[in-house]
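Morning, everyone. Let me put the model on the screen, and then I'll walk through it.

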Amino acid sequence: MKLVKIAMAISLLSALLSAAPQPPSNALGFINLIDGLLKARAVATRKPYNKPSLPPYLSAEQRMEWWREARFGLFIHWGLYSVPAGEWDGKTSYGEWILNSAKIPVSQYENFKTQFNPTKFDADAWVKMAVDAGFKYIVITTKHHDGFCLFDSELTDWSITSTPFKRDIIKEIAEACKKQDIKLGLYYSVMDWHHPDYLPRRPWEDRPSDGAKFDDYVTYMKGQLKELLTRYGPVWVLWYDGSWEHAWTREMGLDLYNYTRSFQPRIIVNNRADKGGATTQMTVDNLFAGDYQTPEQRVPPMGLPGIDWETCMTMNDHWGYNSADKNWKSGTELIRTLIDVASKGGNLLLNVGPMATGEIPQASVERLFEIGRWMKVNGESIYGTQANPFPSLDFGRCTRRNIDSSATRLYFHVFDWPKNGTLKIPGLYNKVTKAYLLSNSSRQLKVVQREGQTEITVPAVAPDDKASVVAVEISGAPDIALPPAINAAAPIFDKELEIVLFTGRQNVVLRYSLDGSEPTAEHPIVSQGKIIIDKTCTIKVRAFRDKTPVSPTSEAAFKKVIPKPSVKPDNLADGVDWSYFEGSFKLCEELKEPKDTGTSVNFTIEPAKRLENYGFRFNGYIDVPATGVFTFFTTSDDGTCLWIDGEKIVDNDGIHRRTLKSGMVALEKGLHAIRVDYFQRNDSAELKIHWEGPDVPKQAIGDNDLKRDEPKKQ
Ligand code: FHN
């Protein structure tokens with residue numbers, strides 16, 4: 001249970017910090033320390049979704065092992081959209097979305113099929129380029145949102161075999177991957193702008209949708225997945241995408257996840273079979289189908305503790321080939337992005353968008369060559385490593401590898417080479433047994449250590465200006481000056497509050513103060529890892545070894561509050577009142593003129609009269625079973641706001657995909673006014689309200705918890 005609470009604190013901390021432009025220095029290392037604990041817990045406790053009856057059923061831990069070792073994959077976005085190459089009607093800003101973005105009628109887009117003849121396509125050469133660049137897996141689009149298939153499907157002729165090229169691209173890539181021992185992953189889009197049974201249609205198109213049966217589309221999609229999962233040998237990753245539109249449901253996503261796993265027991269499925277698309281938040285307690293999270297075009301500032309994750313990223317600004325896009329990231333930037341991702345415990349899926357000729361753009365080839373050259377010398381500092389154990393390093397990044405139970409190797413990726421020839425490693429309390437450059441491992445570097453400061457004498461010139469790697473071997477597990485963690489159920493309380501003070505370090509004591517003063521060797525020691533407070537205070541805590549401080553100081557403020565008094569409406573009925581609004585809203589405050597009103601047993605969007613551009617305002621009372629601090633959560637697509645007794649507690653406003661936000665308030669036992677504003681702009685629509693507090697384990701607010709004013713009968 002403790003780990004879950006720490007996980008909550010971590011994810012809260014990560015969320016807060018990820019909002020910060022630059023996370024404060026003293027959080028990253030602790031996050032990563034817990035990361036390992038949580039990953040082990042998350043994997044150990046991950047319950048399979050309707051576990052496919054397949055022997056041998058492989059646990060997440062078994063399936064993820066090679067993927068965590070791999071750290072680096074090649075993404076390939078290729079299809080008919082490479083024919084226009086981003087240009088249409090005089091504009092040159094399009095990519096793989098060109099059908100939709102340029103509003104090309106499907107009938108007109110189909111003409112590209114007759115033009116697609118990539119005679120220079122050479123699967124063996126592509127795969128060799130990937131292997132030489134240091135990639136350990138490839139994920140290639142088998143069908144993107146335009147529905148066009150790069151594989152021979154018996155279920156459609158909207159595929160490669162109906163082009164002048166005819167050959168099955170996926171088959172040739174699969175064979176080349178097998179020959180060159182690199183793992184094959186397949187990308188498959190749920191969203192399909194071509195299939196007559198897929199819904200919704202694009203809002204701008206006049207292609208009729210009457211007679212369209214979405215269930216028939218799901219049958220088609222599952223038929224194609226069966227083809228992909230039974231014809232091309234081992235498929236190691238299924239990379240779903242396009243699962244955010246309102247016809248696709250969570251139940252379908254969970255079913256698709258299990259369906260995929262039923263064909264190949266060791267396959268890994270990303271988090272986009274489940275509803276929510278790129279922003280579906282994996283959670284340590286496994287609320288979503290999927291084996292890893294897929295942040296796109298960004299690196300989570302604090303990593304994603306306790307969760308497997310992979311950043312996917314383009315080399316320029318487009319996934320699909322765009323001939324006009326010259327905004328290429330440099331090789332150095334791409335290498336440093338890979339290092340950054342690995343230092344936070346994630347994988348990088350780096351994209352190329354091949355041309356209609358079947359060639360990889362020259363700018364991509366050059367960067368792949370540059371990356372490969374760096375990986376040949378430094379790949380061991382990426383493959384199979386774990387996240388950086390340090391709070392932060394001002395000269396670069398760090399990854400770690402457990403050599404055995406008694407030793408660890410740290411890889412310091414130096415972006416800013418020290419001009420004075422001394423690399424300073426802050427807060428390392430282990431004995432360094434040896435240090436050397438990965439580019440010259442035969443030559444040991446001089447190391448001087450004193451009171452947590454390690455100084456390594458390095459050559460005057462950096463071995464590699466992209467990133468030079470200094471390997472440092474230490475005895476035992478990293479003993480690093482991480483700030484102690486301060487963890488409590490909430491930053492507010494009404495009577496007293498238990499606060500857990502935690503450090504993962506051996507043979508240290510934690511000393512603390514409650515008056516905001518800096519802890520010294522004379523301050524009290526935390527006993528049994530916790531303290532109880534009964535008044536507002538600022539806690540400061542620091543680790544000591546003997547009488548010497550060996551960590552930065554952590555601090556947190558806690559506030560004693562008076563619970564809001566309950567109210568006693570006199571004429572109550574079950575449920576809540578609602579007002580219904582229509583319009584293309586951007587914020588909850590825009591809900592002004594209701595088009596309809598009614599009552600419902602709970603917060604539901606059932607009464608909506610259309611799929612998009614509507615909103616609700618709910619008003620009622622919530623029956624609080626005990627006095628204390630309550631947390632309210634809204635998970636919504638799009639915006640929600642939640643008030644208790646007129647105070648806004650949750651602000652989850654704005655246009656966004658499924659997003660979870662929460663807020664806390666101290667309440668007296670009894671009834672309290674609750675108001676929820678919600679609006680749906682477009683795509684998926686979702687509204688879920690949960691709460692948690694004394695006598696209320698985290699749960700959806702139940703029908704029996706809600707009351708409303710019943711107008712007096714005249
Ligand atoms: O809409 C797609 C997009 O075209 C591209 O395939 C990216 C890659 O992750 N995924 C979707 C956007 O999130």
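Predicted model: local features only at pLDDT ≥ 70, side-chain atom pairs only at ≥ 80, totals over all residues.

Residues are numbered from 1 along each chain as its sequence is written, and side-chain values use heavy atoms, with hydrogens and water left out.

The chain first. It has 12 helices and 35 strands. Those are DSSP runs, numbered from the N terminus: helices are H or I with at least four residues, strands are E with at least two. Of its 714 residues, 57% are buried, meaning under 20% relative accessible area with a 1.4 Å probe, protein chains only.

Now the ligand. How many residues surround the ligand? There are 14, and the closest are His77, Glu96, His145, Asp241 and Glu296. Near here means a heavy atom within 4 Å. Look at the polar contacts, which are pairs of N or O atoms within 3.5 Å. Histidine 77 puts a side-chain N or O atom 2.7 Å from a ligand oxygen. Glutamate 296 has a polar side-chain atom 2.7 Å from a ligand oxygen. On its own the ligand has 330 Å² of accessible area, and the protein covers 94% of that. The areas are Shrake-Rupley, with a 1.4 Å probe.

Next, aromatics. The structure holds 37 aromatic pairs. A pair needs ring centres of Phe, Tyr or Trp (its six-membered ring) within 6.5 Å; planes under 30 degrees apart are stacked, over 60 edge-to-face, the rest tilted. Tyrosine 187 and tryptophan 239 are stacked, 5.8 Å centre to centre, with 15° between the planes. Tyrosine 187 sits in strand β3 and tryptophan 239 in strand β4, so the pair ties together parts 52 residues apart in sequence. Both of these residues, tyrosine 187 and tryptophan 239, are buried. Tyrosine 198 and tyrosine 217 go edge-to-face: 5.3 Å between centres, 85° between planes. Both tyrosine 198 and tyrosine 217 are buried too.

Last, isoleucine 539. You'll find it in strand β21, residues 537–545. Is isoleucine 539 buried or exposed? Buried, with a relative accessible area of 0%. Its contacts (heavy atoms within 4.5 Å), not counting residues up to four places away in sequence, include Ile486, Leu501, Ser554 and Phe558. The C-alpha atoms of isoleucine 539 and serine 554 are 8.1 Å apart, across 15 residues of chain.

Terms used. Buried < 20%, exposed > 50% of the residue type's maximum accessible area, 1.4 Å probe, protein only. Polar contact = N/O pair within 3.5 Å; in protein donor to acceptor, adjacent residues only side chain to side chain.
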